[in-house]
Amino acid sequence: MRKTGKSSPAAKRVRRRLFAILGLLILLGGLAWGVVRLHALWIAPCTLTDVAEQISLEGNEYVPSDTILSACGLANGVNLAEYARRFEQVRARVLARIPNLRTLDFTRYFPNQLDIRVSERTPLARLGQRGGTKRTGRVVDEEGVVFLRTSGTQLLPAILEPTPTPKGKILDERARAALDLVVACRDPELEKLNLQAVDATPKDYLLITFGTHRYNRAKIDWEGCGQPTEKARKALRTALLQLKQAVDTHLGERVLMWNATIPNRVFADTQEPIR
């Protein structure tokens, strides 16, 4: 008599487990596909297809828009959803690459609109060196950051540096003290000095050229020269006010050099030739 083949209970349990694992794998695969598909459906509308229409750039006057957008890495095909995660990194990179820009801010509007607002640095002085005649286009703002600008800078006072500061860097030592002097002369009480140039080459003082109809020259120094403190700024302002008061006395056309290097004293040198 033939025996009927039957699966043992152990074999049935193995098959059930295999079917359960297979079903779980199919389920997980379906879920993974669904997540990928949903992610694609979510991300796709965030892609730039027309930069001119989808990106608004405001605040730039001298730096071309194309230069800013290129530095930001914005072009058709860029996904703003992913790009938004790197706003801080992009900001730091662009400000380092384009020192003319002082600030850079992003505002994203879902799904694919981006507003960019920038502010440009305002030049306070032209930079050069004693004896140099070639214009380099280097200028500096109130924060001491050096950048390039030629348009609208012809009438700015000049700072003559001992050593040229590269663009993107900050003035230091004597050149920084010269910038402090330029900033101080923007005060309404001191604007009438009509500052023309500050020579930071001498080690013991700054040599300034000022005046309107007749240019005057003066050696000037103050307590805390070059230090970013309120005490130093007050000492500088006092020295400049005393110099202005002395110049306003119309001592005479024979003055070759004013000397304001001693606190609370201003001397008029009528003999020493200008060197």
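Strand S7 (residues 158–160) and S8 (195–199) run alongside each other in the parallel sense, paired over 3 bridges. Within that pairing, Leu160 sits opposite Asp199 in S8. S8 is mostly tucked away, with 4 of its 5 residues buried. Keep in mind that this is a predicted model. Overall, the chain has 7 helices and 12 strands.

**The chain as a whole**

- The chain has 275 residues, and buried ones make up 36% of them.
- Look at the contacts with a separation of 6 or more, and 50% of them come from residues 24 or more positions apart.

**The largest nonpolar core**

- As background, nonpolar side chains tend to be buried together in soluble globular proteins.
- The largest nonpolar core here has 35 residues, and the members touching the most other members are Leu181, Leu206, Ile208, Ile220 and Leu240.
- Two or more residues each come from S4 (125–128), H6 (173–184), S8 (195–199), S9 (206–210), S10 (216–220), H7 (230–247) and S11 (257–260).
- H6 gives the largest share, 7 residues.
- Another core lies apart from this one; it has 23 residues, including Cys72, Leu74, Val78 and Val90.
- What does Leu240 touch, leaving aside neighbours within four places in sequence? Its contacts are Leu181, Ala184, Cys185, Leu190, Leu193 and Ile220.

**Helix H7, one face in and one face out**

- H7 has 18 residues, which at 1.5 Å a residue should span 26 Å; the end C-alpha atoms are 26 Å apart, so the two agree.
- Its buried residues are Ala232, Leu236, Ala239, Leu240, Leu243, Lys244, Ala246 and Val247.
- Seen down the axis, those buried residues of H7 fall within an arc of 160 degrees, so they line one face of the helix.
- An α-helix has 3.6 residues a turn, so residues three or four places apart point the same way.
- On the face of H7 turned away from the buried side you'll find the exposed residues Lys231, Lys234 and Gln245.
- The cover over the buried residues of H7 includes H6, S9, S10 and S11.

- Lys244 belongs to H7. Is this lysine buried or exposed? Lys244 has a relative accessible area of 17%, under the 20% cut-off, so it counts as buried.
- Not counting residues up to four places away in sequence, Lys244 touches Glu189, Leu190, Lys192 and Leu193.
- Asp180 is in H6. Its relative accessible area is 19%, which also falls under 20%, so Asp180 counts as buried.
- Setting aside neighbours within four places in sequence, Asp180 is in contact with Gly226 and Leu236.

- H3 (residues 65–72) has Ile68, Leu69, Ala71 and Cys72 as its buried residues.
- These cover an arc of only 160 degrees around the axis, which puts them on the same side of H3.
- Asp66 and Ser70 are exposed on the other side of H3.
- The buried residues of H3 pack against H2 (51–54), S1 (55–58), H4 (80–83), H5 (87–97), S2 and S3.

- S2 (residues 101–109) and S3 (residues 113–120) run antiparallel, joined by 8 bridges.
- Phe106 stands opposite Ile116 in S3.
- The hairpin joining S2 to S3 passes through 3 residues.
- Pro111 is in the loop between S2 and S3, and a cis peptide bond with omega of about 5 degrees joins Phe110 to Pro111.

- Most residues other than glycine have a negative phi, and most peptide bonds are trans.
- Asn194 isn't a glycine, yet has a positive phi of about 55 degrees. Asn194 lies in the loop between H6 and S8 and is partly exposed, at 27% relative accessibility.
- Asn264 also isn't a glycine, and has a positive phi near 65 degrees. Asn264 is in the loop between S11 and S12 (267–269), and counts as exposed at 52% relative accessibility.

Terms used: Residues numbered from 1 in each chain as written. Predicted model: local features only at pLDDT ≥ 70, side-chain atom pairs only at ≥ 80, totals over all residues. Heavy atoms only, no water. Core = buried A, V, L, I, M, F, W, Y, C linked by side-chain atoms within 4.5 Å. Buried < 20%, exposed > 50% of the residue type's maximum accessible area, 1.4 Å probe, protein only. Contact = heavy atoms within 4.5 Å. Expected span 1.5 Å × (residues − 1). Arc of directions from axis to C-beta. Pairing = 2+ DSSP bridges.
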